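Colleague: I am new to reading protein models. Could you take me through one, feature by feature?

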Amino acid sequence: MKAKLRYKIGDKIIAKIAHKRKRKLGIPNYPESKNLLFILDENTLSNSTLIDAFERKLIAEGKQIHRLIFFNKTKNIPAEKLDNTTFISRKDLTLWGSPKTKQCKKIINTSYDFAINLDMNGEESLNSLISLSKAVCRVGYFRSNKSVRCYDLSIGLQENTYTFPNFLTDIDTYLHRIQ
């Protein structure tokens, strides 16, 4: 209960900070874009085969992908380091959900063409990170009108039959339509 209240208050603060941050506005031409950021949590990693296939497709199109993976507990972070992947935990974020470590701040302050939040469960920390991101276009799953504030492009249906593979397919479809 306390965590939910803390993130509700923090969400309002993050929204005000994010609104004041300088970033390029507009949606970049997708075929010309090069840098993409995937933001996901440890629960979304259960779909890693689908994410890896999607990544390979984008890399074949000439895109550079960086992953930011959020873990609730530091002890769950894998010991092995992966190329173009950054692991963070709650300890890397302030009480309100904004980044406090250098590695987290570096990623958030990088101007990616697209930042894509692959979390469909509404993890507040990931919403804070994408809200603060300097990415030109922020993409994510549409949960409610609240999620519209976090994203420039919201994708998804409010149906029980809408699954993660549908979400990835829709992301791919809609990104390719941006020109």
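Colleague: Let me start with the inside. Which residues have the most contacts inside the largest nonpolar core?

Modeller: Keep in mind that this is a predicted model. Now the general idea: in soluble globular proteins, nonpolar side chains tend to be buried together. Here the largest nonpolar core has 27 residues. Those with the most contacts inside it are F38, F114, I116, L118, F167, I171 and L175.

Colleague: Which element gives the most to this core?

Modeller: Helix α6 does, with 5 residues. The elements giving two or more residues also include β1, α2, β2, β4, β5 and β6. Leaving aside neighbours within four places in sequence, I171 is in contact with F54, I116, L118 and I155. Another core, of 18 residues, lies apart from the largest one. Among its members are L37, L126, L129 and Y151.

Colleague: What about P99? Where is it found?

Modeller: P99 is in the loop between β3 and α3. Its relative accessibility is 13%, so P99 counts as buried. Beyond residues up to four places away in sequence, P99 touches D92, L93, T94, C104, K105, I108, L129 and L132. Look at L129 in that list. P99 and L129 are 30 residues apart in sequence, yet 7.3 Å apart in space, C-alpha to C-alpha.

Colleague: And H66: buried or exposed?

Modeller: H66 sits in strand β2. At 15% relative accessibility, it counts as buried. The side chains of H66 and T86 are joined by a polar contact of 2.9 Å. With neighbours within four places set aside, the contacts of H66 include L36, F38, N84, I107 and Y112.

Colleague: Last, pockets. What lines the second largest pocket?

Modeller: H66 again, for one. The lining also includes D52, E55, R67, L82 and D83. Strand β2 gives the most, with 4 residues. Both α2 and β2 supply at least two residues each. By class, the lining has 3 nonpolar, 4 polar and 4 charged residues. The volume of this pocket is about 170 Å³.

Terms used: Residues numbered from 1 in each chain as written. Predicted model: local features only at pLDDT ≥ 70, side-chain atom pairs only at ≥ 80, totals over all residues. Heavy atoms only, no water. Buried < 20%, exposed > 50% of the residue type's maximum accessible area, 1.4 Å probe, protein only. Contact = heavy atoms within 4.5 Å. Polar contact = N/O pair within 3.5 Å; in protein donor to acceptor, adjacent residues only side chain to side chain. 1 Å grid on protein atoms, 1.4 Å probe; cavity = no way out; pocket = protein on both sides within 12 Å on 5 of 7 lines; lining within 4 Å. Points joined across faces, edges and corners; volume = space filled by probe spheres on them. Nonpolar A, V, L, I, M, F, W, Y, C, P; charged D, E, K, R; others polar. Core = buried A, V, L, I, M, F, W, Y, C linked by side-chain atoms within 4.5 Å.
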